[in-house]
Amino acid sequence: MQIDQKKIDEAVSTIIGYGGTHILDCVGCGACSAVCPGVKAGFDVLCRKLIRKIVTGHLEEIIEETSSWGCQACNRCTEVCPQGVRPQEVVFAFRRYQANELAFSTSSITSQMNLFETGHAVFTDPKANRKKVGLPEEPPTSAYNEQAQKEIQTLMNNSSMGELGLF
Amino acid sequence: MEQIGLYLGCNIPLKHPDIEQSFRKILPELGVEPLDLEGASCCPAWGTAPSFDLQTWCAISSRNITIAEQKGVDIMTGCNSCFGILSEAKHFLEDKEMKKKVNESLSAINRTYQGTSDIYHIAQYLHSKVGVDAIKSKIKYSLDGLKMATQTGCHTLWPSDVYKIAEQNPYEPTILKDLCMATGAEVPHYSRLAACCGMGGMRSTDIEKSLKLFKEKLISIKEETDPDMIVTTCSSCFMQFDMSQLILRERGEIDFEPIPTFYYTQVLALAMGFDPSQVAAISQIDRSKIIAEMQSEQRLVKEVA
């Protein structure tokens, strides 16, 4: 394997910049991968293997990798890591790298649009079911609250997500 | 009466309002007044802002928290993902630099995050603030003799260092077990107790991988405990157990009938005598038989003079 210091530095600083702050504390013990439900299910480029790819400078090579989106965000890895790496934060930093390069499944764009429009990532018309169980048809959330929706839209438009043209 | 901000999230108010109704029925009976957090949004879910930008995640989460702060109350949620997201955001906001940046974002909508409201999951709140004895005293139908398999869900367990209330050992969680036993039910241990159900990002990314993980957990439950019902305190786990058992059954991958699944407060509401058409009305698996059993006349707890 060819190791290129410049690529390593770029990969590591990209991941640290996106929130994987403690990546360099990893000693590669694999405790994280041993408890990871994603790895168990077959999303193999998570935890130890993902960190290994990044610290050897292979970031661009794995930009299309889907394993990161199979992460359950369960934080079992964070709990067991003896080095305080918080591996899930590395996985999410990698996701952010992918997302900001628009390297993610188009199906997830719907959730971003739903969040922007209604304040709910998952939105289905709840009125009939709510009425059936004896609740007001409209929940007290942002779903039917224009002011709340405006606030969410302002926060999202002013963020780096707003520059990606997803909503 | 103790007041608490009821943070609903997305799936509970929009897809499973009977779970929301079960909160609203049981809480006042147990001495807790839930206050609506008007205009609260998605937490935001893991696949949205947290996957794009840490600061946007913290801004949207902190906006939700400010709604409770303005009312001077803590937050209680029934959704594990919301609990995890809000607790982690609060953890990131302990960093002064992050708090400053987020408050700059919030200033555009005339809000300021203080950090004064704590985040609780409803199971933790019932267990530590209301207490098992208070729950026992409100049981109208004893669930004695019924067997429950518990499913706590990931996001109230790990990482234990960011949660206001943590299990003594998150790999052997006991909070839900205690809560279930308060209804009189039996709660046997099974080997995959702390395993992931496969819902969440995994299911939307690759349903086959998700079902593989789910099946292993389900078979452990069936073979080791053969329960009357599965009881969870995670709305996402609830959906996985309610939807995916039927898929496995239809495919012939399991040779037993799908096990009725409930969110914990639905079980409690039924045991407290509330109307099933309000508190346990929406599921794909038919639960009518077990609900009738739970509220059968011979289970009525006799008043002790």
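In which loop of chain B is the place of Pro159(B)? The legends below answer this and describe further close-up views of a predicted model.

**Figure 1. Two cis peptide bonds in loops of chain B.** The place of Pro159(B) is in the loop that lies between strand 5 and helix 8 (175-181) of chain B. The peptide bond that leads from Trp158(B) to Pro159(B) is cis, and its omega is near -10°. A cis bond also joins Cys43(B) to Pro44(B), here with omega near 10°. Pro44(B) is found in the loop between strand 2 (32-36) and helix 3 (54-71) of chain B. Most peptide bonds are trans. For chain B, the average pLDDT is 97, and 99% of the residues score at least 70.

**Figure 2. An open, three-stranded sheet in chain B.** The strands of this sheet follow the order 5-6-7, and their pairing is parallel. Strand 5 (148-151) and strand 7 (261-263) of chain B stand at the edges; each has a single partner strand, so one side of each is left without a neighbour in the sheet. On average, neighbouring strands are turned by 30° against each other, direction ignored. Strands of a sheet pair through backbone hydrogen bonds.

**Figure 3. The pairing of strands 5 and 6 of chain B, with the helix that packs on the sheet.** Strand 5 of chain B runs parallel to strand 6 (residues 229-232) of chain B, and four bridges join the two. In this pairing, Gln151(B) stands opposite Thr232(B) of strand 6. Helix 11 (residues 235-250) of chain B packs on the sheet and touches strand 5, strand 6 and strand 7 of chain B. The direction of helix 11 makes about 165° with that of strand 7 of chain B.

**Figure 4. Helix 1 of chain A and the glycine just after it.** Helix 1 (residues 5-17) of chain A has 13 residues, which should span 18 Å at 1.5 Å a residue. The end C-alpha atoms of helix 1 are 18 Å apart, which agrees with that expectation. Just after this helix, Gly19(A) takes a positive phi of about 115°.

**Figure 5. Two residues of chain A with positive phi that are not glycines.** Most residues other than glycine have a negative phi. Arg86(A), however, has a positive phi of about 50°, and this residue lies in the loop between helix 5 (76-80) and helix 6 (87-100) of chain A. Is Arg86(A) buried or exposed? Arg86(A) counts as buried because it has 23 C-beta neighbours inside 10 Å, and the cut-off for a buried residue is 20 or more. Leu102(A) has a positive phi of about 60°, and its place is in the loop between helix 6 and helix 7 (109-118) of chain A. With 11 C-beta neighbours inside 10 Å, Leu102(A) counts as exposed, a class that requires 12 or fewer.

**Figure 6. The contact between chain A and chain B.** Chain A contributes 57 residues to the contact, and chain B contributes 56 residues. On the side of chain A that touches chain B, the elements giving two or more residues include helix 3 (37-41), helix 8 (127-132) and helix 9 (146-157) of chain A. Helix 9 of chain A gives the most to this side, with seven residues. The residues of chain A on this side divide into 24 nonpolar, 25 polar and eight charged. The model scores ipTM 0.97 and pTM 0.97.

Technical notes:
Residues numbered from 1 in each chain as written. Chains lettered and ligands numbered in written order. Predicted model: local features only at pLDDT ≥ 70, side-chain atom pairs only at ≥ 80, totals over all residues. Pairing = 2+ DSSP bridges. Axes fitted to C-alpha atoms, helices over the stretch in contact; angles between N-to-C directions. Contact = placed C-beta atoms within 7 Å. Expected span 1.5 Å × (residues − 1). pLDDT = per-residue confidence, 0-100. Nonpolar A, V, L, I, M, F, W, Y, C, P; charged D, E, K, R; others polar.
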